[in-house]
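Subject: Handover of the structure and notes on it

Dear colleague,

I am passing on the structure below, together with some notes on what was found in it. Please read the notes with the structure open beside them.

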Amino acid sequence: MYVAVKGGEAAIANAHRLLADRRRGDRSVPALRLDQIVEQLALGVDRVMSEGSLYDRELAALAVVQARGDLIEAIFLVRAYRTTLPRFGYSNPVDTGAMRVERRVSATYKDLPGGQLLGPTFDYTHRLLDPELAAGADVAEPARRESEAEPMPRVSAILAHEGLIEPDGDMPRDHVAGDITREPLEFPMARDIRLQALSRGDEGFLLALGYSTQRGYARNHPFVGEVRIGEVELELDVPELPFAVPLGSIRVTECQMVNQFKGSAKAPPQFTRGYGLVFGQSERKAMAMALCDRALRASELGEDVVAAAQDEEFVISHADNVQATGFVEHLKLPHYVDFQAELDLVRRMRAEYDARANAGPVDEKREAAE
Amino acid sequence: MRGQEAREQAGRKAAMATLARAGGDEMLRLWADAGLPEDAEMLRGPETGLVTVRGRIGGGGAPFNVGEATVTRATVRLPSGHVGHSYALGRDKRKARLAAIADALWQDPARREEIEARIIAPLRAEHEKAHEQRRAETAATKVDFFTMVRGED
């Protein structure tokens with residue numbers, strides 16, 4: 001017999017009303033404006049764009065405030081919103097070599113064309129809380145240095161000359177870039193599809209996996225060939241115009257990880273590479289992505305798959321925090337009938353267990369003999 | 001003729017690029033100052049949708065999908081018969097409509113100079129200024145390595 005249980009409607013409505021109130025908090029404190037979030041919590045906004053897989057600062061800021069600062073909830077909101085929009089098409093691939101660079105560092109070359117540009121980094125700060133910031137002190141204008149614009153080729157292009165590093169990843173000529181928003185995941189998957197999944201993957205999950213490779217689980221001796229952050233132009237081919245239409249620019253972070261590789265049956269000794277590209281300013285995420293990309297190429301490079309970070313199905317199936325939070329959090333929802341059934345089963349098993357115990361040692365001996 | 005056509009396309013694309021990255025408020029202000037027409041027959045939109053952003057593996061390899069971006073587009077027809085299009089990141093529908101009108105006016109040889117002077121040039125100057133400032137701020141964080149000579153000879 002199935003009995004639908006109704007009720008809770010008023011409780012739910014009131015809970016949502018209470019949520020709205022608590023979200024707003026003390027009314028004597030001014031409400032946050034979206035432009036304040038966009039400007040002053042920019043990296044949180046970037047994370048929501050990157051893992052929400054939707055580049056739109058104002059929407060991400062709205063999601064952050066609506067989610068009370070819970071970034072995974074905000075990412076969920078953005079993912080839900082994007083399903084309501086029609087799709088205009090696929091952009092032409094962005095050219096990160098032509099990026100208007102705001103930060104660019106290399107740990108492999110000191111003097112590289114274009115130089116090392118620290119940009120707005122937390123590196124070298126002392127990680128001391130700043131009471132002046134709490135007091136709302138004025139902030140100095142940034143220093144400026146007039147200089148000629150220099151080209152800034154990707155580090156990978158510099159290393160490529162000697163042939164000691166593998167080229168940028170190519171796919172077979174007839175390969176069409178896969179899209180996980182259109183087709184279900186299938187394993188094993190091509191590297192382009194993996195990169196899409198990693199780019200929207202959870203920063204914490206990828207960070208932990210990347211860290212695990214450094215600690216010896218799928219060790220691959222990484223160097224940061226380059227991290228660069230800046231704006232790249234976006235263009236779209238459309239039928240109504242005879243040229244690719246410019247859409248404006250987006251900020252992205254790119255990481256070129258260079259990995260030592262002693263060679264295998266499939267590949268000669270050379271530096272191999274891992275690649276990271278994410279929306280916004282997020283070098284931790286881009287670096288973690290590059291470490292995971294490299295680890296997941298184990299089979300391709302003829303390495304033994306021995307660690308979690310090399311297990312494609314494990315990594316890609318669990319990298320999406322919207323899926324993960326959905327499945328974990330659904331455990332809160334009513335499972336009354338499921339649980340009732342389990343309870344009946346345990347009661348029956350318990351009765352049988354007790355009956356056996358009460359039957360005494362004779363039975364036990366017989367059972368042992370069987 | 002081929003060369004002239006290519007130059008014209010390059011000019012139109014450059015104007016569209018400037019319109020795409022312009023702020024909506026700034027464009028509206030310039031539009032009002034120039035007294036340009038705000039009425040046009042809407043053939044499409046303004047409508048907001050998604051464009052999937054593509055990158056390349058390793059920076060220069062095979063394409064892959066990074067994520068999506070909101071884009072708003074519009075198509076208009078002017079009484080003169082010129083049809084204009086606009087595409088830009090974001091969800092600003094008012095800006096999309098004006099940018100489409102600007103593109104239509106740009107294609108009218110009688111209006112092109114006016115659009116270039118009153119709308120495109122100021123937007124481009126503003127953008128260049130902001131870009132140069134950003135570049136100078138970044139350049140100030142460039143590391144100038146030097147070597148310290150230590151010990152004897």
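Which residues are buried in H8(A)? They are A:Arg191, A:Asp192, A:Ile193, A:Arg194, A:Leu195, A:Gln196, A:Ala197, A:Leu198 and A:Ser199, where a residue is called buried if 20 or more other C-beta atoms lie within 10 Å of its own, exposed if 12 or fewer, and partly exposed in between, the C-beta atoms being placed from the backbone.

Before going further, please note that this is a predicted model, in which local features need pLDDT of at least 70 and side-chain atom pairs count only at pLDDT 80 or more, while totals for chains, interfaces and linings use all residues. Residues are numbered from 1 along each chain as its sequence is written, and chains are lettered from A and ligands numbered from 1 in the order in which they are written. Helices (H or I, at least four residues) and strands (E, at least two) are DSSP runs, numbered from the N terminus.

Chain A as a whole

Chain A holds 14 helices and 6 strands. Its radius of gyration, taken over C-alpha atoms, is 27 Å, well over the 21 Å that the globule rule (2.2 Å times the number of residues to the power 0.38) gives for 370 residues, so chain A is more spread out than a compact globule. The C-alpha trace of chain A spans about 90 × 65 × 55 Å along its principal axes, and 36% of the 370 residues of the chain count as buried. Of the contacts in chain A with a separation of 6 or more, 64% are between residues 24 or more positions apart, a contact being a pair of residues whose C-beta atoms, placed from the backbone, lie within 7 Å.

The buried residues of H8(A) pack against helix H9 (203-214), E6, helix H10 (283-295) and helix H11 (312-318) of chain A, together with E2 of chain B.

The sheet in chain A

An open sheet of 4 strands in chain A has the order E3-E4-E5-E6, with antiparallel pairing, where two strands pair if DSSP finds at least two bridges between them. E3 and strand E6 (272-279) stand at the edges of this sheet, each with a single partner strand, so one side of each is left without a neighbour in the sheet. Neighbouring strands of the sheet are turned by 20° against each other on average, direction ignored, with axes taken as lines fitted to C-alpha atoms (for helices over the stretch in contact) and angles running from 0 to 180 degrees between N-to-C directions.

Strand E3 (residues 100-105) of chain A is joined to E4(A) by 5 antiparallel bridges, and A:Arg104 stands opposite A:Arg228 in E4(A). Strand E4 of chain A (residues 222-236) has 12 of its 15 residues buried, so it is largely enclosed by the rest of the structure. E4(A) also pairs in the antiparallel sense with strand E5 (residues 245-259) of chain A over 14 bridges, and A:Glu233 has A:Ser249 in E5(A) as its bridge partner. The antiparallel pairing of E5(A) with E6(A) runs over 8 bridges, and there A:Val252 has A:Phe279 in E6(A) as its bridge partner.

Where the chains meet

The contact between the chains takes 68 residues from chain A and 47 residues from chain B. On the side of chain B that touches chain A, at least two residues each come from helix H1 (2-21), strand E1 (41-56), strand E2 (63-77), strand E3 (83-89) and helix H4 (112-139) of chain B, with E2(B) giving the most, 10 residues. Strand E1 (residues 54-55) of chain A runs parallel to E2(B) and is joined to it by 2 bridges, and B:Glu68 in E2(B) is the bridge partner of A:Leu54.

Two positions in chain B

B:Asp103 lies in helix H3 (residues 93-106) of chain B and counts as buried, with 25 C-beta neighbours inside 10 Å. Neighbours within four places in sequence aside, B:Asp103 is in contact with B:Met16, B:Gly84, B:His85 and B:Ser86.

B:Pro46, in strand E1 of chain B, is buried as well, with 21 other C-beta atoms within 10 Å. Beyond four places in sequence, the contacts of B:Pro46 include B:Thr72, B:Arg73 and B:Ala74.

With kind regards

Definitions and conventions. Contact = placed C-beta atoms within 7 Å.
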